[in-house]
Amino acid sequence: MTKVPTKSAAQITAMREGGAKLVEVLKSVVELVRVGVSLTELDQLAFSRIKELGAQPSFLGYQDYPATLCTSVNNGIVHCIPNSYQLQEGDLLSIDCGLIWKGMHTDSAVSVIVGRDIHGYQPLLTAVYRALLAGTAEVAAGVTVGRISRAIEESLSLGNLTIMRQFVGHGVGEKLHEAPIIPNVVGHDKDVWLPSGSVVAIEPIAGTGGEAHGTDPDGWCARTLDGAPVAHFEHTVLVTEVGGEVLTPLDSIIQFRP
Ligand code: MF3
Ligand code: CO
């Protein structure tokens with residue numbers, strides 16, 4: 001059976017501090033998002049903000065990943081490398097970032113619409129964020145992974161969305177990806193229970209079209225084949241006896257009512 005690592009009090013404090021820094025970084029990036037801004041500019045801002053805060057980027061160099069952010073636009077699902085693409089009105093942009101503070105990783109993602117919502121993507125964003133909140137609400141010491149997965153799955157199914165089942169949440173801490181896997185549908189690791197003091201990254205990813213996807217020639221960026229848009233939200237959550245403590249509170253960034 002999968003063993004879920006727990007963190008020391010000092011490591012938890014570090015992750016709480018790191019999570020707050022990560023929210024600051026994401027907030028700065030979201031504030032820069034507008035028509036005409038390039039993905040590279042967003043990435044450079046994230047890098048310099050992380051350094052200003054005394055932290056290190058988690059993703060840069062991870063399995064040779066070449067950037068600080070993943071910036072997945074429209075039919076980009078996850079892991080898209082920022083490039084010179086300039087954002088256009090109505091684009092759906094998912095921004096995923098991680099940082100290392102005092103040896104501990106935190107990981108968080110937010111999706112936003114660029115300028116006016118001319119393609120009507122807001123319901124998709126709202127539904128995926130709600131699924132994140134539904135999954136997070138299940139978290140407490142002793143909960144099984146399956147219960148978190150089920151809450152996310154049911155929430156997304158209510159919205160009639162397509163869950164990108166290949167992409168999953170995960171434990172997080174000394175490493176960016178730790179046990180257990182937190183799928184967005186009930187399955188893998190479903191009977192694994194979370195002890196108090198463990199930390200998980202919960203990250204629903206869903207779209208409005210088909211589930212079929214491919215990977216760009218760079219070997220990183222996953223995209224839907226039918227071109228349908230995909231949204232992604234992610235929290236790092238501490239498991240406690242009384243519930244989940246969101247270490248990357250995105251409330252100050254989310255511009256809509258969930
Ligand atoms: N948040 C992403 C995930 O958990 C982190 C990807 S790291 C990267 O999958 F190097 F692939 F970008
Ligand atoms: Co993650």
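**Reading a predicted model, residue by residue**

Colleague: Does glutamine 63 count as buried or exposed?
Modeller: The relative accessibility computed for glutamine 63 in this predicted model is 60%. A residue is called buried under 20% relative accessible area, exposed over 50% and partly exposed in between, with a 1.4 Å probe and protein chains only. Since 60% is over the cut-off of 50%, glutamine 63 counts as exposed.

Colleague: In which loop does glutamine 63 lie?
Modeller: Residues are numbered from 1 along each chain as its sequence is written, and chains are lettered from A and ligands numbered from 1 in the order in which they are written. Because the model is predicted, local features need pLDDT of at least 70 and side-chain atom pairs count only at pLDDT 80 or more, while totals for chains, interfaces and linings use all residues, and side-chain values use heavy atoms, with hydrogens and water left out. Helices (H or I, at least four residues) and strands (E, at least two) are DSSP runs, numbered from the N terminus. With those names, glutamine 63 is placed in the loop between E1 and E2.

Colleague: What value is phi of glutamine 63 near?
Modeller: Most residues other than glycine have a negative phi. Glutamine 63 is a residue other than glycine, yet its phi is positive, near 50°.

Colleague: And what value is phi of aspartate 64 near?
Modeller: Aspartate 64 is also found in the loop between E1 and E2, and at 69% relative accessibility it counts as exposed. Its phi is again a positive value in a residue other than glycine, near 70°.

Colleague: How far apart are the end C-alpha atoms of helix H2?
Modeller: Helix H2 covers residues 39–52, which makes 14 residues. The expected span of a helix is 1.5 Å times one less than its number of residues, so for H2 it should come to 20 Å. The end C-alpha atoms agree with this, because they are separated by 20 Å.

Colleague: What arc do the buried residues of H2 cover around the axis?
Modeller: The buried residues of H2 are Leu39, Leu42, Asp43, Ala46, Arg49 and Ile50. They lie on the same side of H2, because the arc that they cover around the axis, taken from the directions from the helix axis to the C-beta atoms, is only 130°.

Colleague: Which exposed residues does the face of H2 turned away from its buried side carry?
Modeller: On the buried side, the cover includes H1, strand E1 (56–57), strand E2 (69–73) and strand E4 (92–101). The face turned away from that side carries the exposed residues Gln44 and Glu52.

Colleague: Which residues is threonine 71 in contact with, leaving aside its neighbours within four places in sequence?
Modeller: Threonine 71 has its place in strand E2, and at 2% relative accessibility it counts as buried. Contact means heavy atoms within 4.5 Å. Once its neighbours within four places in sequence are left aside, threonine 71 is in contact with Leu39, Cys80, Ile81, Pro82, Leu93 and Ser94.

Colleague: What value is omega near for the peptide bond from alanine 179 to proline 180?
Modeller: Proline 180 is found in strand E8, which is made of residues 178–182. Most peptide bonds are trans. The bond from alanine 179 to proline 180 is cis, however, with omega near -5°.

Colleague: By what distance are the C-alpha atoms of valine 200 and serine 252 separated?
Modeller: Valine 200 lies in strand E9 (residues 199–202), and at 0% relative accessibility it counts as buried. Its contacts, leaving aside neighbours within four places in sequence, include Pro180, Ile182 and His235. Serine 252 is 52 residues away along the chain, and the two C-alpha atoms are separated by 21 Å.

Colleague: Which residues does leucine 250 touch, not counting residues up to four places away in sequence?
Modeller: Leucine 250 is found in the segment after strand E15 (243–246), and it is buried, with a relative accessible area of 0%. Its C-alpha atom is separated by 9.5 Å from that of phenylalanine 233, which is 17 residues away along the chain. Not counting residues up to four places away in sequence, leucine 250 touches Leu26, Ser108, Ala109, Tyr129, Glu234 and His235.
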